[in-house]
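Here is a short briefing to read alongside the model.

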Amino acid sequence: MSVSTAVGESHSGSSPFRPCVLVPVYNHEGTLVLLLDKLKSSGLPCILVDEGSDAAGRDTMVSLRQREAAWVRLVRHGTNQGKGAAVMTGLRAAAAEGFTHAVQIDADAQHSPADIPKFLDAACRTPRALRTEIPRSRR
């Protein structure tokens, strides 16, 4: 999990703090529904980036986007370009929507949404710093 300033932003702390959650997704339809249910309580808008998932993955993301349209956005890659490209696409989408920071969380449930407040707190204290965490499954 990490929190970054959105690409193109130079957040100095003088503008309003507007974070979102960024989730790169590649064929994780099995864990995505549960993840979004957990993320909803954060109150943050969520940007899903489809990394070129198969039909089942795409259908799940479209369904979730429709069901949760008030807070979930969907950006798609036609083919898999890798997680790094998906994160960069998501950061660009976040910046275009006026978000100052993005908490990137993996769709495979290796990160806990319960950790989001600690990342947001750290981002508020030092808004230009990049924060990262080793997933719980790898500690």
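A residue is called buried at under 20% relative accessible area, exposed at over 50% and partly exposed in between, using a 1.4 Å probe and protein chains only. Helices (H or I, at least four residues) and strands (E, at least two) are DSSP runs, numbered from the N terminus. This is a predicted model, where local features need pLDDT of at least 70 and side-chain atom pairs count only at pLDDT 80 or more, while totals for chains, interfaces and linings use all residues. Residues are numbered from 1 along each chain as its sequence is written, and side-chain values use heavy atoms, leaving out hydrogens and water.

**Helix H4**
- Helix H4 (116–125) has Ile116, Phe119, Leu120, Ala122 and Ala123 as its buried residues.
- Seen down the axis of H4, these buried residues fall within an arc of 160°, so they line one face of the helix; the arc is that of the directions from the helix axis to the C-beta atoms.
- Pro117 and Arg125 are exposed on the other side of H4.

**Helix H1**
- The 12 residues of H1 should span 16 Å at 1.5 Å a residue, and the end C-alpha atoms are 17 Å apart, which agrees; the expected span is 1.5 Å times one less than the number of residues.
- Leu32, Leu35, Leu36 and Leu39 are the buried residues of H1.
- They cover an arc of only 100° around the axis, which puts them on the same side of H1.
- Gly30 and Leu34 are exposed on the face of H1 turned away from its buried side.
- The buried residues of H1 pack against S2, strand S3 (46–50), helix H2 (55–67), strand S4 (72–76) and H4, with contact meaning heavy atoms within 4.5 Å.

**Cysteines**
- With a disulfide taken as a pair of cysteine sulfur atoms within 2.5 Å, the count comes to zero.
- Cysteine 20 is in no disulfide, and the nearest cysteine sulfur, that of cysteine 46, is 8.0 Å away.
- Cysteine 20 is buried at a relative accessible area of 0%, and cysteine 46 is buried at 1%.

**Backbone and a charge over a ring**
- Most residues other than glycine have a negative phi.
- Asparagine 27, in the loop between strand S2 (19–25) and helix H1 (29–40), has a positive phi of about 55° and is partly exposed at 27% relative accessibility.
- Alanine 109, in the loop between strand S5 (101–104) and H4, has a positive phi of about 70°.
- Arginine 18 lies over the face of phenylalanine 99, at 4.7 Å from the ring centre; this requires NZ of Lys or CZ of Arg within 6 Å of the ring centre and within 35 degrees of the ring normal.
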